[in-house]
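Open the model in your viewer and keep the selection panel handy.

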Amino acid sequence: MKNTYLILILQNLVLFPNQEIKLELSNELSKIIIRESQKNYGSELVLVSPKDDNATVSSLKDIENIGSFCKIKNALDLPNKNIRVTLRGVKRLKISKMKVISNELIQIENEPIENPVYNLDEELAYSRKLKELVQKYIDIDYKATNSLLGAIKNVTNLSKLTDMIGASLDLNVKQKNKLFKETDYYKRARMLITILSNEIMSLELENRIEEEIREHFEKSEKEIIIREKIKALSNELGEKNDKNEACTNFMFIIDGLKVSEKIKTSMRREVNVLESTLETSPEYGSLRTHLEFITSLPWNKSSKDETDIEKIDNHLNELHYGLDKAKERIEEYMALRKKNKSIYSPVLCLIGPPGTGKTTFARELASSTHREFVKVSVGGLNDASELVGHRRTYIGAGPGKIMEGIRKCGVNNPIILIDEVDKMVKDYKGDPSSILLDILDQNQNKEFVDNYVQEPFDLSDVLFILTANDESKIPRALYDRLEVIEVASYTIFDKVEIAKHYTLPRLGKEYGFDYKLIKIPESVITKIVEDYTKEAGVRELERKITSIIRKILIKGLNSSVTIKENELEKYLGKDKFSNFTNMYTDYGVVNVPACTNSGGCILNIEVSLYQGNEKIISTGSLGKTMQESALVALSYLKDNNKSLKLDIKKFTETLHIHALDGATPKDGPSAGLGIAVAIASELLKTKVPNEIAFSGEISLKGRILKVGGIKEKVISSYNSGIQKIYIPSENLKDIEKIPKKILKNIEIIAVNTFTEVYNDIFE
């Protein structure tokens with residue numbers, strides 16, 4: 001049977017079960033409800049809240065459907081005609097029906113709230129967690145009392161525990177109302193855990209901030225007192241204060257600098273300004289910092305170069321494999337510098353894939369020539385002030401990376417490596433590449449002015465070495481000032497040599513073992529290169545070899561160990577890369593070598609013809625240039641279908657051209673020949689051997705045009721198992737750059753026209 005009760009609507013008040021509150025009511029309707037409940041409802045009523053705490057109740061829809069069933073313990077009439085009532089919460093009630101009876105009284109019917117049955121172990125876990133958080137909360141919050149801990153200590157009922165905690169916590173009405181309305185005590189427990197955790201984090205942060213502020217003020221006050229005492233004692237002893245001593249030291253340093261009198265005058269003027277500035281002024285600190293920086297610059301201090309060219313050459317060859325052109329250019333410069341000290345330093349730019357030793361070469365060159373080394377990374381740099389410094393009018397102004405590097409190394413003739421110049425960004429903050437022009441230009445950098453230093457500094461003795469991965473992304477104006485040296489991908493032969501003569505000795509020194517005890521045959525290194533790495537450089541190869549050595553050293557290296565091919569899986573796991581020659585077995589597919597930022601690679605160009613409208617579909621993230629190459633190749637084949645024995649009717653079908661690895665964008669004028677061969681293969685239903693690759697662009701009249709990156713493409717073809725590659729005749733001069741070991745193992749065929757390729761492949 002459903003019970004009926006009167007409801008008392010109160011704003012900004014939540015009464016939990018087992019909670020007791022005292023109210024002083026002045027509203028006449030509230031007084032009537034209390035008296036009526038005592039008289040006719042057994043001193044019981046339901047306390048409810050409006051759905052919107054800040055709104056008035058204008059209809060029954062504005063009242064919450066969950067209320068607090070409570071007992072009226074006593075009600076006392078006060079002399080001011082108010083009534084003081086004590087209410088005790090008993091349980092939650094779900095209101096099923098509401099109706100207005102006489103005198104605006106609202107009578108409700110309720111229905112029982114059914115709680116789901118939960119696992120007792122989980123209930124115990126929640127109870128423990130809540131008690132733990134309450135303990136932590138009370139420990140942190142100095143305003144909280146321990147009474148709650150004593151009240152909940154022996155409570156095992158999770159529903160009762162959540163109500164007691166929710167009623168006792170200092171929460172806002174919105175949070176309490178949300179807890180009260182949640183009838184599922186498991187969900188209520190999770191809500192409380194979240195609330196307590198957030199409150200604890202907030203209190204910890206507040207306490208930490210207050211502690212830091214207190215310590216700061218105590219320290220500041222202490223420093224002020226100590227400084228005043230020092231000043232007083234210094235005055236008693238007749239000593240000069242710190243500022244006067246600093247100004248005297250600056251003047252002494254300036255007098256000893258080997259710079260022009262104009263620069264000295266400017267520095268002395270700044271010292272005079274510092275002397276007249278109060279130590280408490282914000283400007284005092286910036287003035288002193290600036291003077292400390294400019295007086296510590298190596299205006300005329302140089303390191304002595306190594307002049308023995310043979311020593312430099314031997315040292316570089318011991319530490320670094322390859323880069324013969326760069327070594328040769330440096331040796332030429334050092335030899336000429338012996339005869340003429342005023343000769344301009346070259347500005348070298350090493351362009352090549354990652355992992356080919358560009359940065360390492362610059363660092364080892366500094367060691368070989370006995371020069372200091374400074375690295376400046378400009379990858380992603382978009383603020384020109386990072387290079388040329390900030391003007392001193394800005395708060396927190398400082399020097400640029402070039403001048404900061406020179407100050408740190410202490411000489412004016414270091415080797416400065418400017419890394420990743422192809423990754424600089426031009427935007428509203430400035431154009432870093434235009435600043436580099438002033439820094440690198442030998443006719444201008446004799447008087448380079450950093451915005452922070454504000455005095456001309458001679459950079460002409462600095463040897464600048466730049467590195468980049470992608471030549472096309474270097475700004476043209478900057479590119480014109482560079483001596484470009486291409487750094488090619490390493491061949492398998494190179495990687496074997498590097499592993500044997502450079503990586504193993506270095507690891508032996510690094511890990512402290514005799515590297516000669518660990519023997520890795522060339523065949524094993526070759527297998528690691530082919531089956532476990534796919535890169536232009538040797539970083540991944542070094543990681544794999546390091547992994548093998550670590551596993552051996554952990555077990556103990558007591559005698560000589562030889563690594564065998566069949567043991568690689570034990571050390572490195574399953575191989576990652578399959579044999580390239582098994583990649584396709586159908587017609588309409590050809591291999592096209594390509595150049596990427598990571599070196600050379602082999603692309604598969606696939607072609608399919610099927611019935612439909614005469615159109616070309618290109619997929620595989622082909623750029624505009626490659627799409628045009630496909631159109632040119634198709635037009636040439638249509639125009640010469642008779643001489644090439646191609647079915648003209650097939651050209652009315654839909655042609656789909658796809659480059660594998662569709663997620664990688666591809667563009668560039670070098671795939672036209674390969675696309676034409678793929679289309680012809682599809683039309684003739686003749687498979688192109690998968691050990692053949694094609695590099696070259698095609699014209700409308702069938703001429704095979706010159707392309708770039710032949711060295712990278714041939715090396716990548718060799719590394720991928722290609723045995724024959726067709727290239728344009730105009731690229732024959734690039735063959736000289738390719739190692740002879742590769743030329744012995746790959747057949748290079750130079751062609752002028754598509755007919756030569758067609759007759760060789762399909763006739």
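Which residues form a nonpolar patch on the surface? Select L205, I209, I213 and F217: these residues make up the patch, and together they have about 380 Å² of accessible area. Bear in mind throughout that this is a predicted model.

Stay with I213 for a moment. This residue sits in helix 6, which covers residues 185–237. Its relative accessibility is 45%, so I213 counts as partly exposed; the cut-offs are under 20% for buried and over 50% for exposed.

Next, select residues 373–377, which are strand 8, and show the side chains. In a regular strand, side chains alternate between the two faces of the sheet.

To find one of the contacts by name, pick V376: its bridge partner in strand 9 is I418.

For the last stop, select helix 21, residues 624–639. At 1.5 Å a residue, its 16 residues should span 22 Å, and the end C-alpha atoms are 23 Å apart, which agrees. Colour M626, S629, A630, A633, L634, Y636 and L637, which are buried. Then look down the axis of helix 21: the buried residues fall within an arc of 160°, so they line one face of the helix. Turn to the face away from that buried side, and you will find the exposed residues K624 and D639.

Definitions and conventions
Residues are numbered from 1 along each chain as its sequence is written. This is a predicted model: local features need pLDDT of at least 70, side-chain atom pairs count only at pLDDT 80 or more; totals for chains, interfaces and linings use all residues. Side-chain values use heavy atoms; hydrogens and water are left out. Buried means under 20% relative accessible area, exposed over 50%, partly exposed in between (1.4 Å probe, protein chains only). Helices (H or I, at least four residues) and strands (E, at least two) are DSSP runs, numbered from the N terminus. Two strands pair if DSSP finds at least two bridges between them. The expected span of a helix is 1.5 Å times one less than its number of residues. The arc is that of the directions from the helix axis to the C-beta atoms. Patches are made of residues with over 30% relative accessible area and no salt bridge: like charges are joined within 9 Å, nonpolar side chains (Val, Leu, Ile, Met, Phe, Trp, Tyr) within 5 Å. Accessible areas come from the Shrake-Rupley method with a 1.4 Å probe; for residues, only the protein chains shown count as cover. A salt bridge is a side-chain nitrogen of Lys or Arg within 4 Å of a carboxyl oxygen of Asp or Glu.
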